[in-house]
Amino acid sequence: MSEKIFTQCTVGGPVKVHVENGRITKMRPIVFDDSQDAPSWHIHARGMDFAPPRKTTLNAYVVPERTRVYSENRIKYPYRRKTFDPKGERNPQNRGKDEYVRISWDEAIDIVSSEMIRIREKYGKAAITGMTSSHHNWGFLHYKMGPFGRFFNLIGYTNLLDNPDSWEGWQWGSVHSWGFHWRLGHNEPFGQLEDALKNTEQIIYWAVDPNSTSYMYGGQDVSIWKSWFKKLGIKSVFIDPYCNAGASIWADKWIAPRPGTDAALAEAIAYVWIKEGTYDKWFVENRTEGFETFRAHIMGEDGGSPCTPEWAAKECDLSVSTIVSLARQWAAKKTMLSVGTIHGATGAARAAYGTEWARLCVLLMSMQGMGKPGVNCWGGASSGPPMNFDFNFPGYSANGWDAFGIVAKKSYFPHGNPVTQKAYRLLLPEIVMNPPVSWTGEGFCGENIQQQFKHFTCPEPGPDGAPIKMIHRHGGSFISSMVDTNKWVRMYQNPNLEFVVMQDCHWQSETKFGDILLPASTNFEHSDISEWNSAGGYGHYEMSHNHRVIIYQHKCIEPLWESKPDYEIYTLLAEKLGVKEEYTEGNSFEDWNRKVFEYSDLPKYVTFEEFKEKGYFVVPPKADDKDSPVAMRWFYEGRPCDTPDRLNPRLGTDKAHLLGTPSGKVEFVSRSLTEFDKNDKERPPMPRYIPSWEGHRTELAKTYPLQLITPHPKFSYHTHNDNKTAWIDRIPQHRIEKDGYSWWPVRISPKDAAARGIKHGDIVKVHNDRAGVLCIAYLTERIRPGTVHSYESGAKYDPLEPGKAGSIDRGGCMNLLTPGRLLSKNVPGMACNSCLVEISRWEN
Amino acid sequence: MRLGMIIKCEECIGCYNCFLTCQDEFCGNAYEGYAAAAPKEGHNWMRISEMERGQYPRVKMAYTPKTCMHCEDAKCIEASENNAVYRRPDGIVVIDPVKAVGQKQIVGSCPYRVIEWNEKEQLPQKCNMCAHLLDRGEKQPRCVESCPTNAIIFGDLDDDKSEIAQLIKQGATAQLTPEFHLKEKVRYTGLSKRFVAGTVVFKDKNESAINALVEICGKKETKQTRANEFGDFEFEGLEVNESYNLKISHPGYEEVKLQCSTSADTHIGEIYLTPQV
């Protein structure tokens, strides 16, 4: 047998793919070749030398990729829903319960293209919408901005605006405190590792799990940094209602406030600092504005009560001494607050009024002189290695929603789509079922602050608007990852929706609601070119890994069963719609790969043939050995920004030393919010704790006394890895087998379990007025009493009554339970961590 | 040459890469002369035992990766017939995938219970330190390659210069179960024992009792520490199933004495110090 070894890149690290007889046999990390590959960076700090391992590390869910490629859950052939007849009865009410009939590709493409043409002619181009999911097939060209984006912007469609689902409060909140709209609310990450190793004494991880979500696309390269922190004696404090995967191994102290009360804790910390005078007065005076109003509010001098530790202790269910100690030693030590950059996303920012906590985090760190050595916002303590950013290779969103456009003769983004109507993902069910629907905020608001205040209605009033009649879903599942997702079941069965296409590699929770299913191949079945963990655009240089690696993604095997690469599928549709030439510009896929190669700095080092043969290229470190510019240091020191924060609109102007807020300073009282709606009680110009609309103080808590939190899962990237391979499902605590079924765990404290007669391993019903989900009870001391924890994104929506909205699910689709209510009046974010439930034993 | 491994539990973050990678190497992949293919799922030649330690709000996880120990006094070798299990010159203990067919007694012979039974092949199977890769010139088994924190160290126990030999020489390592007396070539650091922890609070001020002196006294040992910035103290690495006396003191405050046992890891909770009158 002859073995061939290819290279590929995944959403969790680059791999070498071993293939025998046309079948993938294993996947391994890339171990660098010291004789050929560029050396690694070194950091000298406090008498020690730190350098990363000479390899790529992988996220756990990448290791079993070969079993996911060959999973029985692949969509193997094109299918038509059995009772869907495009020329007769469509039977939308049967979506979710129908069987499927295998059809040919010719028939599938015929139906999809003629439906597109019919709907465009009857209702207008705006009647078609569609969307990809995040973190689908990796590849600069094939990622979510690639084939889908170019196709739909070329033909015209209603852009379904994304909500910043993993970090809501940061975009909708902290932008108004420190700017950074061009990073969707996150601050820049540059140089932070070196700064921390040299200067930091303590890291406070607030509502973030650095041992799961903080890895993002970066494999687990940053986990060794945490070993280095330990070696240097840098302390770790974790604030989270759940003793998360990072806390359970790295915490020197775990503090567990009641969910939804983080902002109260933040206010009490500010109270202690103000009372004891332990804040950076120089910074507050010179780098911020509005502090006096904030001070008066915190100290109760504005007519309200003071935000004392005693008050917060009751609200957060913590002891007074813990709050005071936290505040005192935070002020005494050089502290990194491990939120702010994107690797600190999730948690408290995805809850009712999550904007307030996120803004207060920025204000707290301003009170500690953010930007001085060792003191900063550093999400997950998981980004900012000293990389060489002078080397050019585009990240996947470098050209927005047409990746090909970066090297094409014509780009169809941002000026391709002729349709001005917009829809909003979180409101799509309402938009389809009960139009018109209005909302405020343009989804990802990365161009300017004003996008947050823009008002939308769908259908758009006037001749160009149209009701949504067709959805083209590309990869992943919003049932499981959005909120109150019984709404999506109802939407798919609504007769207003005339046609639904599902294009994906695997059967997801949402797939069975499609009229036509198009089987897509995985990235192992086609070629591409990419840089590892490089988002570009609003997330440029957010690197949670140690070496810049550019990969030629070889086609390792032929597309399995009858699947086709996404690019090929859209090319077939483009041909039917008469725009194939515009879509492909006559390029073969290899032509596209080569054009991206030539666009990048790779040709300065290797030829295309050499690069393709070897499969990867390690970018050499910076030529000089000077320290990297550190995030926010320029702001602290009053110098023009010297970090490679390339989308910062002030770069190169005489205001380059200022932040992106209207005042250029940190704003305790936001000018943009004062101007927009100074009477907004739910996102007031100055942040404050506002009790949750679904929290411990609400009437509903009498019926549903447990607070459910549902962070991103540890062993699945959204819904992409769960329920595809037994190797993942059998990781203890990912899923748990009982009576021949693979259950999703809900974590409950022994105290709460005992009060309900629940034993470890019992099947329980987690329920509220919105839904009921069967889970397996996992009793643990890692969750605070009164709170229950389960991960979102279980990829196995398995209703006891298939196709019935509101049916009890036994697959672990926790987002059936979460509220559809938006974060606050003017903040169209999702609040999945504001969810009251009750749990009872399931006897059936 | 004696190849071995040291598993540093204190560096293990419970990522399961070793557990998954071992399946990637062997599930469905046969290596002639070394190993038959493991079943597509269900076998774990590298597994991780998870232990939750302590009580809310002082909890930590202990992960212990566990695989074949490649014992010098290997019970599986004794239990096998026809040399179906043998030790290679480099010390790796290998189950011959042909000779061992039908020898189910090998599975039960291992005190560590790390040998799996392949029903289809009627074959006992276990870790072979990726001998097929080493013989091809590769430097390390797959689990070592996949570990993001270098928690698994691989090397030659007989090479004084190797990291693994030096760690053993320093006396820093232990067998997973020393009572078995099997001369295991897979050793451990950071194996968890027991902890006793608590939080000391000045009752009069309702503040953390920073620097309060805490002393723990058992039959074999007495240890002292001071409460940290949160008033927290912790004694880690105590003997299992012992009784201890705990004494907490601070100038100007009444001394508090408590008894505790290490049948489990224990978080005592908040301990209040009252001022002397």
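This is a short chat about how to read some features of the predicted model above.

Reader: Before we start, what do I need to know about the numbering and the model?

Author: Residues are numbered from 1 along each chain as its sequence is written, while chains are lettered from A and ligands numbered from 1 in the order in which they are written. The model is predicted, and local features need pLDDT of at least 70, side-chain atom pairs count only at pLDDT 80 or more, and totals for chains, interfaces and linings use all residues.

Reader: OK, chain B. How many helices and strands does the secondary structure of chain B come to?

Author: Helices (H or I, at least four residues) and strands (E, at least two) are DSSP runs, numbered from the N terminus. Chain B has 6 helices and 17 strands.

Reader: And what is the radius of gyration of chain B?

Author: That value is taken over C-alpha atoms, and the globule rule is 2.2 Å times the number of residues to the power 0.38. For 277 residues, a compact globule would come out near 19 Å, but chain B has 24 Å. The C-alpha trace of chain B spans about 80 × 40 × 30 Å along its principal axes.

Reader: Which domains does the assignment give for chain B?

Author: Domain bounds come from an automatic or database domain assignment. In chain B they are domain 1 (3-189) and domain 2 (194-273). Their C-alpha centres lie 39 Å apart. For contacts, the rule is that two residues touch if their C-beta atoms, placed from the backbone, lie within 7 Å. Here the contact takes 4 residues from domain 1 of chain B and 4 residues from domain 2 of chain B. On the domain 1 side, strand β2 (residues 47-55) of chain B gives the most, with 3 residues.

Reader: What classes of residue are on that domain 1 side?

Author: Sort them like this: Ala, Val, Leu, Ile, Met, Phe, Trp, Tyr, Cys and Pro count as nonpolar, Asp, Glu, Lys and Arg as charged, and the others, Gly among them, as polar. The side of domain 1 of chain B that touches domain 2 of chain B has no nonpolar, 2 polar and 2 charged residues.

Reader: Now the two chains together. How many residues of chain A are in contact with chain B?

Author: There are 41 residues of chain A in contact with 35 residues of chain B. On the chain A side, α12 (320-332) is one of the elements that supply at least two residues, and α12(A) has the largest share, 6 residues. By class, that side of chain A has 20 nonpolar, 13 polar and 8 charged residues.

Reader: Let's go inside chain A. Is helix α4 of chain A enclosed or open?

Author: Start with the cut-offs: a residue is buried if 20 or more other C-beta atoms lie within 10 Å of its own, exposed if 12 or fewer, and partly exposed in between, with C-beta atoms placed from the backbone. In α4(A) (residues 168-178), 11 of the 11 residues are buried, so the helix is largely enclosed by the rest of the structure. Among those buried residues are A:Trp170, A:Trp172 and A:Trp178. The cover includes α13 (354-367) and α21 (671-677) of chain A.

Reader: Where does A:Gly475 lie, and why does A:Gly475 count as buried?

Author: A:Gly475 lies in the loop between β19 (470-474) and α15 (486-492) of chain A. A:Gly475 counts as buried because it has 25 C-beta neighbours inside 10 Å. Leaving aside neighbours within four places in sequence, its contacts are A:Thr132, A:Ser133, A:His136 and A:Asp504.
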